[in-house]
Amino acid sequence: MIAVLGIDALEASCVKKFGCRNLSQESCGATDLSGFSEPRTVVIWSSFLSGRNTEREVLASKDMWGFRLDAKDTFFSAFERFSAIDVPGFSQDVAQHKREREALKGFFGKKVTVEEYDAIALEWHKKVREEFFSALEGDYGLVMGYFDAIDLVGHLSFGVEGKMRMLYDEMDGIAGKVRAMGKGPLLVVSDHGMKPLGSRYGDHSESGFWSLNSRKDLGMPKPEDFARIIASL
Amino acid sequence: MAFTTVSIPKELAGKAKRRIRGTGFHSLSAYVTYILRQVLVSAELRKGKTKAFSREDEAELRKRLKAMGYI
Ligand SMILES: [Zn+2]
């Protein structure tokens with residue numbers, strides 16, 4: 001079984017700073033996002049899944065967050081049985097992620113506190129974590145889980161180190177548990193990283209992160225290179 | 001990560017051991033580490049609360065989030 005741990009906005013410098021050995025694994029590096037006009041979540045994950053730069057088609061669709069690829073248009077089609085949990089551009093829970101964006105708007109409108117906003121992200125995180133581990137026990141050729149708490153919380157609290165450290169520890173624990181299960185190749189991958197905006201906030205940075213539980217030099221792959229990389233694992 | 005040993009009363013360790021049954025913690029050390037982290041993080045969070053939500057930064061963030069389709 002191949003496991004893909006997709007983490008929105010996982011930032012390479014934070015993985016290092018917080019000493020997340022399970023996230024950095026045996027080989028790791030940065031991804032090249034120079035082919036995109038902005039590091040947009042749905043665009044990058046759709047490119048990752050399909051093996052081509054989907055920026056134009058995603059932006060041309062009338063609702064970017066509702067954009068959906070067919071399984072046959074993704075690397076999932078190479079697997080007889082796969083599980084894709086909350087993956088943007090494929091199986092993302094539209095209502096939940098709308099709730100998250102509404103909470104962000106609510107924060108700016110002073111209707112939602114940062115604690116309430118964080119709680120929405122963390123509750124969802126727990127649900128995805130549960131589904132991810134239950135899928136890893138199942139009979140699948142590939143399981144991909146998508147986790148977005150680091151991105152959501154980071155936008156409003158990237159400068160609050162304790163909060164970010166706790167989230168990185170949590171994701172490192174998840175990676176550690178998957179590694180210990182020893183099911184096969186584990187790819188940890190992010191769409192983009194995060195950089196500080198002022199002393200408190202966070203903005204998407206221009207490069208993402210990848211790691212593998214084997215020694216492999218992938219160089220600086222583009223998101224659309226991973227479909228080929230996954231086929232070779 | 002390097003580790004060190006700390007001493008806690010036996011009775012407290014016993015209580016904590018009973019409490020971690022059925023949870024995901026694989027050892028008393030893992031549980032105590034978790035609790036200690038929670039305490040330290042909430043102390044940091046209280047500090048974090050005073051970390052300014054500056055108006056100028058907020059305007060810039062809103063602009064960026066709009067550009068990326070979040071809001
Ligand atoms: Zn984001």
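The questions and answers below concern a predicted model and cover a sheet in chain A, a hairpin, and the interface with chain B.

Biologist: In what order do the six strands of the open sheet in chain A lie?

Modeller: Strands of a sheet pair through backbone hydrogen bonds, either parallel or antiparallel. In this sheet the pairing is mixed, and the twist averages 10° from one strand to the next. Read across the open sheet of chain A, the order is β2-β8-β5-β1-β4-β3.

Biologist: Which are the edge strands of chain A?

Modeller: An edge strand here pairs on one side only. The two that do so in chain A are β2 (27–30) and β3 (82–85).

Biologist: Which residue of β5(A) is the bridge partner of A:G6?

Modeller: Strand β1 of chain A covers residues 2–7, and β5 of chain A covers residues 186–189. These strands run parallel and are joined by four bridges. In β5(A), the partner of A:G6 is A:V189.

Biologist: At what angle to β4(A) does helix α3 of chain A run?

Modeller: Helix α3 (residues 41–50) of chain A lies across β1, β4 and β5. Helix α6 (residues 114–136) of chain A lies across β1, β3 and β4, running at about 170° to β4(A). For α3 the angle to β4(A) is about 170°.

Biologist: Which residue in the hairpin of β6(A) and β7(A) takes a positive phi?

Modeller: Strand β6 (residues 194–197) of chain A pairs with β7(A) in the antiparallel sense over four bridges. In that pairing, A:K195 stands opposite A:D203. The hairpin has three residues between the strands, and the residue with a positive phi, near 65°, is A:G198.

Biologist: How much area do chain A and chain B bury between them?

Modeller: The size of an interface is often given as the accessible area lost when the parts come together. Here 33 residues of chain A are in contact with 24 residues of chain B. Of the buried area, 62% is on carbon and sulfur atoms, and the total is about 2,600 Å².

Biologist: Which residue of chain B meets the side chain of A:D203 in a salt bridge?

Modeller: The count between chain A and chain B is two salt bridges. In one of them, A:D203 is joined at 2.7 Å, N to O. Strand β7 (201–204) is among the elements that give two or more residues to this side of chain A. The partner of A:D203 is B:R64.

Notes:
Residues numbered from 1 in each chain as written. Chains lettered and ligands numbered in written order. Predicted model: local features only at pLDDT ≥ 70, side-chain atom pairs only at ≥ 80, totals over all residues. Heavy atoms only, no water. Pairing = 2+ DSSP bridges. Axes fitted to C-alpha atoms, helices over the stretch in contact; angles between N-to-C directions. Contact = heavy atoms within 4.5 Å. Buried area = accessible area lost by both parts, 1.4 Å probe. Salt bridge = Lys/Arg side-chain N within 4 Å of Asp/Glu carboxyl O.
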